[in-house]
Every structure is written in C-alpha cells, then in structure tokens.
Amino acid sequence: MTTRSYPAQTLALRSVASIGLASIGLALSAAPALAQGYPTTPPAPAPVKPATLPPFQETVLANGVRVVLVENHRNPVVAFRLAIPAGGIYDAKDKAGTASLVAALLTKGAGKRTADEISAVIEGAGGSISAFTDDDFLSISGSVLSNAAPLAFELLGDVVARPTLSEKEFELARTQTLSGLQLQLANPSALASQFLSAGLYGAHPYGRSSTAKSVRAITRADLVAFQSARIKPRGAVLVVAGDITLPTLITLANKGFTGWTGAAATAPSLPLPPRRTATEIVLVHRPGSVQSNLLVGNLALTPADPSRFAALVTNRVLGGDSDSRLFVTLREQKSWTYGAYSSLTRPRGMGQFQANAEVRTEVTDSALVEMLSQLRRITAEPIPVAELEPAKNALVGVFPLTIETPQQLAERVAAVKLYGLPADYLQTYRTRVAAVTATQALAAAKLAIQPQNALVVVVGDGAKVYQKLKAIAPVKIISVDGDPMTPADFIPRVMGLALDFSKLAARRDSFVVMMQGNALGSSVVSVEGVAGGWVVREATNLMGGMVDQRTTLETDKSLAPTNLVQTASMQGQKLNTEIGFANGRATGSSMTATPTGPKTTAVDAQLPAGTLDSDALQAALPLFRWVADAKFTINVFSPGKGTVEPVTLTVLGSESVTVPAGTFDTWKVEQKGGEATVMFFITKDAAHRLVKIAPVGQPIELLLAK
C-alpha cells in the first residue's frame, strides 16, 4: 500500500472547498424557506406629515409695525425681513424705477454711517443687510449672529427712518441702473418678459417697466419724497427667525425704530388688466438673431387662490423641471432647444402663467406650435398616475430644503403674511400637495393655463420668422425699444446721410483702453486718403497681446465700403474676415470667437445706398452737424453678423470730459442699435473730434491719448 503526502497549502484549499460546497448546499436547501420571509413588493410609502415649525409669535409695535417671530435657538443666528408696501406699483407713471432706486440707496448711507461704514460694521458682525423691491413691496432683509442682534436692529432703524439718500450715491445708482437697462436690450429673455407683462397687464402698473427715459427723469428730490411718503411703519411687516426671544425682539425693534412713525399716503386706485379673447403674437424684431426666444403667457391666479396647490402640481408635470413634458418634448425628442420650462408667478394681485423656450430660428414656428399643443393637452386630459405621483413627490420632497435656515424661514413666513395666505400654509404645504388628485389638477390647469387666449412673445429675427408665425396667430411687430414696425421695416431703407464731407481729412487718433481705472491696452484708428477714396485702419491690442485685432477698410469718397479685411487673435483663436462690396451687396465670410472655437459665418447681404460699415462709423462722426438735441439715423453694416441695421445717434446733452489728451467740452451722444449701445463724447468745436468711447453696461472706456 502506497502512502501519499500532500503539501499543507493543498490540504487547506481542499478543506476550504469542502466547507464552501457544504455551505452552498445548505443555502440552496434553505432558499425556499427564506424566500417566504422576504417581501416581493416595496412597502407602501409612509403618510406625508405636516411640516413641524416653531409656533409663530405675533405682536404689533406702538408705531404700527406688525411683528412675527419664529423663535429657534438651534443656531446662534437671527434673520429678518422688513417688508413695506412701497414697491414699483407706487412709482409715478413717468418715473418708473423710483422705488428701486430708493431701495438701492437705503443701505448706502443711513444714520451717522456712510455706505462703507455700514458695509464694514455688518460684515464685521458676521452678517449682511440689503434692500430690494418687487412690484408690491420694498424689503430690507439680512442676518447676523445672535449676539449682534442689537446692531442689526439699529441699522434696520437707520435704513428706514434715517437714510442719507446722498446725491453722490444717487448718481452712481442711476448710472448703474441705466447700464443695466441697456444690457437688457441685448438680453432676449429680459425683452420677452418685459413685453409679456406689458401686454398682459396693459395700463395696470404690473405691466410697467423702467426705461432709460423714466430713470433719467428721476431726481434725488423724487427719492426723498417717495421715502417720506411711502416708507412708513403702519402696514409694514417685520418677520424675524432664529435665536431671539419676543421680549428682546420688541425691545430692540422699538429702540431701532425710534422716531419712525406714521402711515403711507393713500395708495392709488389701480386699473383692471385687459381681458384677452384670442391668441396673439408680439414679434420683437432683433435683426441677425440666430435664435428665437418664445414666451407664452396669460394672467392666472391670485396668491391665496384655493386651486394654487393643484396648479403647482400641474405646472410641475408641464414644465417645472427637466423631466417635465415641455423639456422632454422640445429638447429630448425634437432637439429644438437646450431647455423649455413653465412657471406661475405670485405677486400680491393677479399673477401670470408662463411657458418659455429658446430655439433655433429655423424651427421657431414648429416649436411654438408644439408648445401650444402641450398647453392644450394639459388642460384637456387628466394627468396619468405615472406623471402625477412623481410630480407630487418632487414638490413634497424638496419643500423641507426651502425652510432649513433662519433666512429661508423668514422669507417664507414673510410671504405667508404679505400675500394673505392661510396661517397654516407652510405647515400643511406637503400634505395639501400630496392630496392633489388628477381631477383637481385638471380643474386647476383649466383655470391657470389658457392657450386659447394666450399672449405669445417671440424675440428674434422678424425677417426670417414673420411669415410662418402669422400662420399660427395674428402678429404685431415691434422693435426692441417697443416702437411699432411693419414687415417692410425688415428691409433696410435707403437713407441720405447728413454729412459734411468737407470735414473729412486724414488723421490718426490713439486711445488708451481702460477697465475700472486700469490700463488694459490701446486702440489706434487712422483715416488715409487714397486715389478714389479712403482707407480706415484700426489696430487694437489688449492684455499684452491676448487680444490683437487689425482692420483695413477701403471706401469710396463718400465712405461707402468697397473692401474689408480683418485679422484677429483672441485668446489663441485665429480669426479672419474678408468681405467685398459691389453692386449693392456685401459678400464674403466673417469669423468670430466662441467658447468652443472660431465660428465662420457666410456673408451675403443687401446694402442700401448710404450704408456705412461699422468700422467707418467712428471716422464719420466728425462729419455730422452736431447741435443740441440732434438725432441721426443711418444704416450700418455689421461684419460680425453679416446684417444691416439702423443705428440712431442722439445728443443727450453736454459734458466736460478729461482724458489723457486734455479736457474738452463735448456733446454726449448715444448710439443705439448695431452691436451694442455706446456713448460717444465729441468735442463741440468745429473739429468735432471723438475723445471718449464708453460701451454702455461694460466696465471699459476708450480715452483719447493723442
């Protein structure tokens, strides 16, 4: 008999293998019994419970301020919001923007502190304070560590009762507001929202927007009068949340509000918004736009409308997020847009329903037809359970995240009090949303969404979309400034130039480019006479060569363009533009820088007689007959967009300007239209020399150096 021996490792492996096989066999034999002990379906969700919040403690101060405290000592923070009925609806009709400017100045100097001192002291206490307006209210909100609560209420009292409203801060705030308004003209979404509100509300102040004209009409005296008449304690609501007791709050508020008494002037009676009986399209013409912004809306629901909870669920299904119908249909299925959404606004009065999308120009009509179809569907069919339940769960699930911090809680409680919502609105929000049925959602949709008489605003190139849009509904055409237009206005007209060509002479102007007081680079423009015409050259170099552009424009004797060559290097992107001009047309190609690399645009545009290339506009400025209130409109060709657009030059007034080349008495001229809104400063003397260029809404200036 032969005896075999095995290495220790082999014995160990066999032992493990035996144990493993035995275990597997035991598990398999026990599987049927174990399977009977595990559920085969997920458990039913637990019932949605009301939100648990500290009790609201309320009182009224001797001066009439209504105080609401949500006391919570979990974190050493106190947040507050003081809301006063002094919003935009109280502006004088021709001075829209007054309330907003008042809010901008309240924290820019109050009591014995300057703007910088207020900022330093509140930040030093680990807090913040700011003021803002909406249509209905002017609010001051902020937060501090609880040991700095006395400072917070001292500042709050100074801001509302003892604001400085200094002339210097007023001029700065007005300049910033005007810059913001100019930027809005270049923002299709802002334009669409502005014209939708104007169309839906009509003469009601909710439809009013600030304009450059209304803001320029406002004086510091107007702000003082508004503050004196409307920033009053009676009717104001102060909501405080966090680490403070009611007796302490009353003591600090009374001390801070010392001397602040009285009631606001009687509010003006407000007209009713117009009633719409059919779908209408407002087309806002933006020449050369490569996409269209679509906004569909109607008036819908007051804040406390009992159907609002069901309407919120309906809106979530329709366009509340990236899994909603509009988004899935227009983006994921059609690939027409990056996103499509819907929303419900909630002012103190009648709100709006809105649905929006930004789409490629060529699918503007198709996208609008699909949007309207989805609106009709949500108002005609009950929402299936497969969509209804996830929508409710999403709203229920996210709600606790909106009341986590003292700041959030103060804002939400303020909304309850300001909009007259039920006292238990926040506590029962989740349970009321969870209880919405398909029948209730459909009924709410019929109330809140009205595609049969909606107002549609389309911001885009009217020449490319008008014909298709008018097959959907009647179309009203306006410019970005709101001026009425006709389809004939899509084609630039022949314009005679009011130029004095006897002043056209060879010259060379050197500018230093400044950004927020720092030299960024240089720009040199020269005009040279050649046989049969002129050559305009431009050389711009910024940030040590990160941006370098060279332009050569050839023109005839009347500055009409004949040939353009432009090369540029922008952050590593090499760009080249070459355009020829003949027989009333511009043909060639242009390149522009984009975040993803150079973009080439084929150019083929008709040029009416009297059209200037944008690169010749600066050379032509000295040729205009500049006087007070002068206004000129000319056609300007934009190489970057390959389009011709009317540009208006308007003298706004006089201004003494100091630049490196000296101090000059100038005409302040606004250029509107074209690539951007720009301020030109042109000397009043016979030379009419351009000494300063200031693009509106940008922190850049070009100052004449020599």
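How many bridges join strand β3 to strand β8, and in which sense do the two strands run? The model examined here is predicted, so local features need pLDDT of at least 70 and side-chain atom pairs count only at pLDDT 80 or more, while totals for chains, interfaces and linings use all residues. Residues are numbered from 1 along each chain as its sequence is written, and side-chain values use heavy atoms, with hydrogens and water left out.

Six bridges join β3 to β8 (residues 237-242), and the two strands run antiparallel. Strands here are DSSP runs of E with at least two residues, helices are runs of H or I with at least four, and both are numbered from the N terminus; two strands pair if DSSP finds at least two bridges between them. Within this pairing, A83 has V237 of β8 as its bridge partner.

Buried means under 20% relative accessible area, exposed over 50% and partly exposed in between, with a 1.4 Å probe and protein chains only. In a regular strand, side chains alternate between the two faces of the sheet. In β3 both faces are covered, with V77, A79, R81 and A83 on one side and V78, F80, L82 and I84 on the other.

Another part of the model holds an open sheet of six strands, in the order β11-β12-β10-β13-β9-β14, with mixed pairing. Strands β11 (337-344) and β14 (475-479) stand at the edges with a single partner strand each, so one side of each has no neighbour in the sheet. Strand β9 (residues 280-285) runs parallel to β14, joined by five bridges, and V284 stands opposite I478 of β14.

Helix α12 (residues 364-380) packs against helix α17 (residues 462-469) at an angle of about 45°, with the axes 9 Å apart. Axes are lines fitted to C-alpha atoms, for helices over the stretch in contact, and angles run from 0 to 180 degrees between N-to-C directions. Contact means heavy atoms within 4.5 Å, and T364, D365 and L368 of α12 meet V465, K468 and L469 of α17.
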